[in-house]
Amino acid sequence: MSISAPDFDVVAQAADAEDLLRKGLAHRPDLLVADITMPPGNGADGLRAALELRRQRPETNVLVLSQYYEEQYAVDLMGEGPDGVGYLLKERVGDVDTFLKAAARVAEGGSALDSELVARMLGRRGRDSPIDQLSPREREVLAAMAEGKSNRGIAEELVIGQAAVEKHVTNLFHKLGLDPAETGHRRVLAVLMYLRGR
């Protein structure tokens, strides 16, 4: 796939995971877009190359594309935190505007999780999860947060005011036990809570 948009300059393309890692290290891109399934093994070689690139150059933002939903891939990718990472199902790439917005968000250090992935992860959580305490609207807000949307973006998507979004965010932080004195970023911790703990 080749990105052709005014805000993006493609500096290299790779045929396999080894080439991806080599070119990622050599070119130091602001954003690496990788298919999870790449030669030589056609398993998760592309994901492994992207993770290795992030390990060696943590400042590299990574957006991975997958044919299938795989929760563990998202958890592996988010690892230390969701800043500068994204995971989209390939079917979303057909909507060029959505793809470019997600790519720009990740390139700027934000995050982008496919809405289908978020919905499935929220639907598969285990019993007695703190997420069970959330209202349906709070779960929608959390899902939009996991996709990397700002409060304004959440308000636009859910067609509610920003003050309502702020209220829902505050409520879900409280219900998830994320106190304001928390040393980490509460939005990140809320997203990681349901990514890791079902």
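The structure is a predicted model, and the protein in it has 198 residues. Its secondary structure comes to nine helices and four strands, and the sections below take up how some of these elements are arranged.

**Overall make-up**

- Read from the N terminus on, the elements follow the order α-β-α-β-α-β-α-β-α-α-α-α-α, a run in which nine helices and four strands are counted.
- Buried residues account for 45% of the 198 residues in the protein.
- The accessible surface of the protein amounts to about 10500 Å², and 47% of that surface belongs to carbon and sulfur atoms.

- The four strands form an open sheet, in which they are ordered β1-β2-β3-β4 and the pairing is parallel.
- At the edges of this sheet are β1, covering residues 31-35, and β4, covering residues 111-113, and each of these two strands pairs on one side only.
- From one strand to the next, the twist of the sheet averages 20°.
- Helix α4, which spans residues 96-107, lies across β1, β2, β3 and β4, and runs at about 145° to β2.

**The nonpolar cores**

- In soluble globular proteins, nonpolar side chains tend to be buried together.
- The largest nonpolar core here holds 46 residues, and the members that touch the most other members are Val64, Tyr87, Met145, Leu172 and Ala190.
- Helix α6, residues 136-146, gives the most to this core, contributing six residues.
- Ala190, when its neighbours within four places in sequence are left aside, is in contact with Leu142, Met145, Leu172, Phe173, Leu176 and Leu178.
- There is also a second, separate core of 11 residues, whose members include Leu31, Val93, Phe99 and Val106.

- Helix α7 covers residues 151-158 and contains Asn151; its buried residues are Asn151, Gly153, Ile154, Ala155 and Leu158.
- Asn151 counts as buried because its relative accessibility is 18%, and the cut-off for being buried is under 20%.
- Apart from its neighbours within four places in sequence, Asn151 is in contact with Gln162, Val165, Glu166, Val169 and Arg187.
- Just after α7 comes Val159, which takes a positive phi of about 55°.
- Val165 belongs to helix α8, which spans residues 162-175, and because its relative accessibility is 0%, Val165 counts as buried.
- With neighbours within four places in sequence again set aside, Val165 is in contact with Asn151, Ile154, Ala155 and Ile160.
- Val165 and Ser150 are 15 residues apart in sequence, while in space they are 9.8 Å apart, C-alpha to C-alpha.

Note on methods:
Residues numbered from 1 in each chain as written. Predicted model: local features only at pLDDT ≥ 70, side-chain atom pairs only at ≥ 80, totals over all residues. Heavy atoms only, no water. Pairing = 2+ DSSP bridges. Axes fitted to C-alpha atoms, helices over the stretch in contact; angles between N-to-C directions. Contact = heavy atoms within 4.5 Å. Core = buried A, V, L, I, M, F, W, Y, C linked by side-chain atoms within 4.5 Å. Buried < 20%, exposed > 50% of the residue type's maximum accessible area, 1.4 Å probe, protein only. Areas by Shrake-Rupley, 256 points an atom, 1.4 Å probe, with all protein chains shown as cover.
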